[in-house]
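Hi,

Here is the structure I promised to send over. Have a look at it first, then read my notes below.

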Amino acid sequence: MVTMAANFARGRLKSWVVRLCTSILLWTCLMQFNPQFLHKCPPCFTPPSHFIGFNESSDLSLPVKRMYKSNGYLKLSCNGGLNQMRAAICDMVTIAKFLNLTLVVPELDKTSFWADSSEFGDIFDVKHFITSLQDEVRIVKELPKKLSKRAHGKLLSMSPISWSSEKYYLKQILPLIRKHKVVHFSKTDARLANNALPLELQKFRCRVNYNALKFTPQIEKLGKKLVNILQGNGFFIVLHLRYEMDMLAFSGCTWGCTDAEADELTRMRYEYPWWKEKEIISEQKRLEGLCPLTPEETALVLKALNFQNNTQIYIAAGKIYKGERRMTPLHAMYTKIVSKETLLSPADLKPFQNHSSQMAALDYLVSIASDVFIPTYYGNMAKLVEGHRRYLGFRKTISLDRRRLVELIDMYGNGSLQWDEFARRVRKIHKNQIGAPAQRKVIASKPKEEDYFYANPQECLCDLSKNPPLLPL
């Protein structure tokens, strides 16, 4: 009996070893012949690299094309700036996959305030965009000639309802595409809900955003050069100082401006019909926390947050409105303020001049690579960069509470609050606002007021209790 038991135990051990070796062999083969498998996993399962923010070429590991009968073609005309369009593209690619459509490479906005003539291929790597998603959705550069001729002048053009669920597209949009063969979306911003979508679709939005939307080699090369310069000088923060003329005109925020400057910004707001809000009380908006912090206010906040005066600060922004005057307090307090214009030569930037979206792409790459990211206004870039930094291992992003900050700044300014107490309160307010793991706030009846999916794509992030972040918080 003892001999039989021993033989049985040895047999079980041998069987276990064989299964283990087989599993290791199969896993090794899977990784050898389909490394794209790992590429689709959250970044906490991927090995760290010098700079995860840049996509490496994956042409050697293209996914197998998905074969399906297309229900029709979807054309897009994106609206807004780079990051608004980026989020919209992710949403619309997801809809194309869900409805089994063929997507035509999107057209970018050329008529907004920035008047940027850039095509999709001037900013994003078209080949990578098409091939990296070919296992899920068919993407073409243009309509087939037969359809193009037939659609000329008869194309059904529409704007989907904002914040719609996948059911809206299935019940309302798909029948139209089947009937007309081609449908054109004239607006694409915020046309897909933040929440209550199938998990598969939420994760696919992330795959498009963090894998498929790779910038062109020229943009990535120059972005990497910027990051290398900054990292070569040590610790650096990115300050997304949203204090450009268009932002101030659109928002009606004129705090600190002269009467002549306020009049100039107001006239500009009335000149652009798509900026619908015209009559704005600047002071009221500021007290409600709806204005970007001024450069002067920002300097006080940075000091209160204990950033030393020799901190390397990269300004991610366009031209600061009346910058020579308004930036003086910030420069007086911090001696190492830099930007792409100061770090790169005119020859480096020449191909990107007069192309605001391409310049914004450079700032985007630097922003996701920084040690700390601090936006002074919670706009599209701030939200998308915050989400991307969460995805890359919850990199530190300080989300400023502007409503509470302007109250404290005014109290400090009128002498009712001393510096030490001012700084203590600023630090206390932002103690837990650093881009750490959190659940999105859901307000089903008010989607504009709930947390934005791309600022916190929680369905795509790792469980930190099981998988610690690659990078320190």
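This is a predicted model: local features need pLDDT of at least 70, side-chain atom pairs count only at pLDDT 80 or more; totals for chains, interfaces and linings use all residues.

Leu-239 stands opposite Ile-374, a residue of strand E9. Residues are numbered from 1 along each chain as its sequence is written, and side-chain values use heavy atoms, with hydrogens and water left out.

Now the whole sheet. It is open and has four strands in the order E8-E7-E6-E9, with parallel pairing (two strands pair if DSSP finds at least two bridges between them; strands, E, are DSSP runs of at least two residues and helices, H or I, of at least four, numbered from the N terminus). Which strands stand at the edges? They are E8 (336-338) and E9 (372-375); each has a single partner strand, so one side of each is left without a neighbour in the sheet. From one strand to the next, the twist averages 25°.

Two helices lie across this sheet. H9 (residues 217-232) lies across E6, E7 (312-315) and E8, at about 160° to E7. H18 (residues 356-369) lies across E6, E7 and E9, at about 135° to E6. (Axes are lines fitted to C-alpha atoms, for helices over the stretch in contact, and angles run from 0 to 180 degrees between N-to-C directions; contact means heavy atoms within 4.5 Å.)

Next, the rings. A search of the whole structure finds 12 aromatic pairs (rings of Phe, Tyr and Trp, its six-membered ring, pair if their centres lie within 6.5 Å; planes under 30 degrees apart count as stacked, over 60 as edge-to-face and the rest as tilted). Among them are Phe-120 and Phe-124, with centres 5.1 Å apart and planes at 40°, so that pair is tilted. Both Phe-120 and Phe-124 are buried (under 20% relative accessible area; exposed is over 50%, partly exposed in between, with a 1.4 Å probe and protein chains only).

Phe-215 and Tyr-364 make an edge-to-face pair, 6.0 Å centre to centre with 75° between the planes. This pair links distant parts of the chain: Phe-215 sits in the loop between H8 (199-212) and H9, Tyr-364 in H18, 149 residues apart. Phe-215 and Tyr-364 are buried too. Ring pairs link Phe-120, Phe-124, Phe-129, Phe-215 and Tyr-364 into a cluster.

Cheers
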